[in-house]
Amino acid sequence: MRLTRAALAALIDHTLLRPAATAAQVEQLCREAHEHGFFSVCVNPVHVARARRTLDALGPTHVQVCTVIGFPLGANVPAIKAAEAARALDDGATELDMVIALGSLRAGDDAAVQADIEGVVRAGAGAHLTKVILETALLDAAELDRACRLSVAAGARFVKTSTGFGPGGATVEAVRRMRAAVPAAVGVKASGGISDAAVARTMLAAGANRLGASASLAIVAGWDEAVPVDML
């Protein structure tokens, strides 16, 4: 299939998660998302209310406000993750990208991992979308498969590759494995190191149906609409 630039933009979470991001930069992110039709802006929880106000002031838009929970380590107490999620939703977030409990996953404590995710999913009461960041560069194949399975069992709607703060970003191999490990109704978000249109194309072909990127403008500008991409 061929994707127009507009259709590509609608698959991108336009992201600003730098710890030193300013209010002015968040507002600029929102203006860019509004102009280009990105799926969402993805910001740290402290900026959610500002992002919501900025988008609302720009006029009618489908752009969502996404934020991160337990970010970037995933090592928060589960009740804190759930409380953080609830506050973010109150502030205007509509999507939550939570970091999986990596230590519990690596230790084989599947019950703790699933319960941790369920707490965040419950905070949205089914009305909001939760993605689980797996930090794939830290996982072997068996751990990645388990992480996907537990995310689905807990009610997450997406699995996501990376925080962008770990030892590696999205890879074609990880995206393919994640796509194979989750049902068709569960999305795969590729994030981390997606710096241009060529990388974005490989992630979509591997099975991603959402992209997280801070280089969104460059990705869209460099996209060749004439070249088909075989999305799974």
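Aspartate 91 is partly exposed, having a relative accessible area of 23%; here buried means under 20% relative accessible area, exposed over 50%, and partly exposed in between, with a 1.4 Å probe and protein chains only. The model is predicted: local features need pLDDT of at least 70, side-chain atom pairs count only at pLDDT 80 or more, and totals for chains, interfaces and linings use all residues. Residues are numbered from 1 along each chain as its sequence is written, and side-chain values use heavy atoms, with hydrogens and water left out.

Side chains of opposite charge can pair when their charged atoms come close. A salt bridge is counted when a side-chain nitrogen of Lys or Arg lies within 4 Å of a carboxyl oxygen of Asp or Glu. By this rule there are 17 salt bridges.

One of them joins aspartate 91 to arginine 87, at 3.1 Å from N to O. Both residues belong to helix α4 (residues 78–91) and stand four residues apart, about one turn of the helix. Helices (H or I, at least four residues) and strands (E, at least two) are DSSP runs, numbered from the N terminus. Arginine 87 is exposed, with a relative accessible area of 55%.

Lysine 189 and aspartate 97 also meet in a salt bridge, at 2.7 Å from N to O. Lysine 189 lies in strand β7 (residues 187–191) and aspartate 97 in strand β4 (residues 95–99), so this pair links distant parts of the chain, 92 residues apart. Both lysine 189 and aspartate 97 are buried. They take part in a network of salt bridges that also includes Asp13, Glu95, Lys131, Lys160 and Arg210.
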